[in-house]
Amino acid sequence: MTKEISTGYQPGDVETQWYDRWVEGGCFRGDENGDKESYSIVIPPPNVTGILHLGHVLNNTIQDILARRARMEGKDVLWLPGTDHAGIATQSKVEQKLRKEEKKTRRDLGREAFLERVWEWKDKHGGIIIEQLKRLGCSCDWDRERFTMDEEYSKWISKIFVDLFEEGLIYRGKRMVNWCPKSLTALSDEEVIMKPQKSKLYFMRYRVVPEDGDDGERWVEIATTRPETLMGDTGVAVNPDDERYGDLVGRKVIRPFPEAEIPVVADEHIDPEFGTGVLKVTPAHDKADFDIGVKNDLEIIDVFHPDGKLNDHAGPEFSGMDRFEARKAAAEKLEEMGQLVKVEDYENNVGFSERADVPIEPRISMQWFLKYPCVEEAANAVANDEIRFRPDRWKKTFAHWMDGIQDWCISRQLWWGHQIPVWYRKEKAEELQARESLDAEQAGSDLHVGIDPPADEENWVRDGDVLDTWFSSWLWPFATMTDSDAEPSATEKKFYPTTDLVTAPEIIFFWVARMIMAGYRWRGELPFRNVYFTGIVRDGKGRKMSKSLGNSPDPLDIIAEYGADALRFAIMRTAPLGSDIRFDIANEGGKEVYPQVVEGRNFANKLWNAARYRQMQPDSAQFDAASLSIYSIDILAKLDKLTVDMAAAYEDYRFNELAQLLYDFFWSNYCDWYLESSKSALSEDADEAVRNSTLATMDEVLKRFLLLLHPYMPHITEELWEKLGFRKEDDPEFLMQTALPSAAILADLDEADISQAQEQVKAIYEAVGRARNLKAEYGLSANKEVKFIIDPEGAGLEDVDVFRQLVGAAGVSIEPGFEAEKGVPTALTPIGKIYLPLDGLIDLDAERERLGKESKKAEDELKKVNAKLANENFVSRAPEAVVKEMRDRQKQWQERVDELGRMIDNLGS
């Protein structure tokens, strides 16, 4: 039963009503008890307080395409959604709100009251991104939505901490860590982003402590980018093979302020060529310096407070000063003392906190660390393609990181997150927390590590740190399916390991590698079989999108104007495997326009109008392959090929190629060629059998095409499936539940007959193209009064009406052996010679004059290019790309000159 298709497509109404119907119909539910083949994918959990951006659109559209395709292949599908508590990001938002509205800090409220505020914030803002994903059309199993701070999920976190602690893989120790002075927490190396900075290189000099026999006063010159740390210098290092300073090893120099004698030590890693070849050693504020300090037993003096301000160790004039103010002040004091030699501009890479976007500080701090489990198993799984990376190049990046893997700093000095499940006996708490190291062997009865608190909790003090957010998300594939204290659930047994993971390469270490190790450690197998790494969505200039640059449009605004399907199709059509995506933003009359999304909307409109055109025709008889015209055979053969080509592209995760295949088939092959060629067959005076065959072909194409397009544009395809009445009595309720066709439409036709029909159609379409070009050359593209004469050769032409319709002509006559007068434009085609008599159509004299002017212009351009290429200096010195471009232009202008000459000859004298 059909429903009338309106004149214009309004995506807003269509998309929201279909999404609601899918949810009500339970279409997204993964059946853990089903007997079909399983397909599963877990969503990379977005930050609970996050807002949808184009990167999310890309990532989640790919996941939705995979999930919808798998359902239509007859599989039981689980796409498991959820959100991440995002420790630093969420706590920072609440703290900002607290400072702004109440002029308070979290410490003013206390831990319990502050966490109540965070939960309130989460409850108010936490569901926004989930609702936005629904508006995009994501077919997640929302009944299984998880949150990393769920009670049951939190038990998993405690369980694995206990497991790893008891195995001796988790320990507490004082180490050099990355410290964020804004968030006041330690960060892992992966949470530090290196950014190029325009800095200064300060050259200063330290006086050598005199000894008997010295020939006068002696100084060493030192170059540094951080004079604000010199107050923590406890040594100076030189390369022992450096002839300039080798004799100073074992002596002392004087630190300018606070004044102190510090030793000169030898270190073979000092580069004599960098700076002056002398390194100030500040063990508390640089990782390399820390190693030198430990090796040479140097004192460790921390001159910073946790917030980056200088403390009393820096001296009274610097105490309380911000680190960057202190840099300037220290340089000024050195200059006053006559010990600042010079200052040079210097470009270097500085580590920034990924979340807080401030320079981090290397800092000695007591933290909890993890020695990774199952490193070898994880590395081998990727190296041996048990887990396939797409694109493959990320295997090398992964292997390099795994080879040099460092212990993971898992503790964070935050309140929002999973509090570390460690309790210290009250009377021993201060002593235990001050220990240089602490692990399972040293724990004793004064330390409780457990999922649950001690029975006499009032006699214990819990560790105040929380675990790194990634410590919770590395369990995501299996901890979302089964409770920590239970045997694997029916859901896990059915859907784990998962099939695919779609994620960004920048979290290959944060998340992907760690999930693989966790999978092997707690489930004894890999967590997923394929990892698809998306590219970065950039603007038309290649810049990463950001609010500060004003180049990051709100996807919901785009959806409101163009529709979710248009945005999905647009972004997938421009997303090559693993490469960055250029998302163009244009400005028309002060309004932002998105050309690729406009194309996506136009494609939706094209589909809508083609479906409406079909609905305006009569009902068709049952499809009969034996009565098909050559044009119907051709389009159905192309549709069969599309089905095969798409299956191959899905196998290789070539999503942009899939989108282009769909676009080219429908817009060009079906609408531009087949529908135009079928108009004569649908006319009132056409043979009834021919008309029925054509209508049946249109139905077959639309039916199968809607099925193939559905994963990319789910809403409009579902709407048209219903409007066109394609659902039969025993079919599933929704298109999204309908199986993809497995048999070829033309399976009953002989391959030779199909090939013959396609060759004929190809010849006719090629001839039509050349005839259209003839019209265009003489400015007659829109002229319907033209008449063509065909002298048939080769394939010939049986149906003149189709040819006439396609070329837009008043008449076409077949005249074997036709001899044209001189000057009649002619084209050689696979069906014979085509002539376009111009009598009465154009002013021949005016046309000769116009073509003559164009020819003169083309000849002048060709002379310029020829002169350039004749210049030996240009050809030998210009970049290869420039010379190639010039040769291409030479070819193009030569072809244009030849073409215009032929056109002038055709006009006669």
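Predicted model: local features only at pLDDT ≥ 70, side-chain atom pairs only at ≥ 80, totals over all residues.

Reply: Contact here means heavy atoms within 4.5 Å, and angles run from 0 to 180 degrees between N-to-C directions.

Strands of a sheet pair through backbone hydrogen bonds, either parallel or antiparallel. Strand β18 comprises residues 422-425 and is joined to β21 by 3 bridges, the two strands running antiparallel. Within this pairing, Y424 stands opposite V461 of β21.

Helix α2 (residues 54-72) packs against helix α6 (residues 128-136) at an angle of about 60°, and their axes are 11 Å apart. Angles of 65 to 115 degrees count as roughly perpendicular and those under 35 as roughly parallel; α2 and α6 are therefore oblique to each other. The crossing of α2 past α6 is right-handed. On the α2 side, H56, V57, N60 and T61 take part, and they meet I129, L133 and L136 of α6. Sorted by class, this contact has 4 nonpolar and 3 polar residues, with no charged residues.

A second pair is formed by helix α19 (residues 564-573) and helix α20 (residues 595-615), which pack at an angle of about 120° with their axes 8 Å apart. These two helices are therefore also oblique to each other, and α19 passes α20 in a right-handed crossing. From α19 the contact draws on A566, L567, F569, A570 and R573, while α20 supplies Q596, V597, E599, G600, R601 and F603. By class, the contact of α19 with α20 has 6 nonpolar, 2 polar and 3 charged residues.

Of its 16 residues, 14 are buried, so α17 is largely enclosed by the rest of the structure. The helix is followed by G524, which has a positive phi near 70°.

Positive phi values also occur at residues other than glycine. D297 has a phi of about 55° and is placed in the loop between α8 (287-295) and α9 (323-336). With a relative accessibility of 70%, D297 counts as exposed, because the cut-off for that class is over 50%. D385 has a phi near 65° and lies in the loop between α10 (375-383) and β15. Its relative accessible area is 33%, and D385 is therefore partly exposed.

One joins F257 and P258, with omega about -25°; P258 lies in the loop between β10 (252-255) and β11 (260-266). Another joins R390 and P391, with omega about 0°. P391 is found in the loop between β15 (388-390) and α11 (394-403).

Notes:
Residues numbered from 1 in each chain as written. Heavy atoms only, no water. Pairing = 2+ DSSP bridges. Helix = DSSP H or I, 4+ residues; strand = E, 2+ residues; numbered from the N terminus. Buried < 20%, exposed > 50% of the residue type's maximum accessible area, 1.4 Å probe, protein only. Parallel < 35°, antiparallel > 145°, perpendicular 65-115°, else oblique. Left-handed = near helix turned anticlockwise from the far one by under 90°. Nonpolar A, V, L, I, M, F, W, Y, C, P; charged D, E, K, R; others polar.
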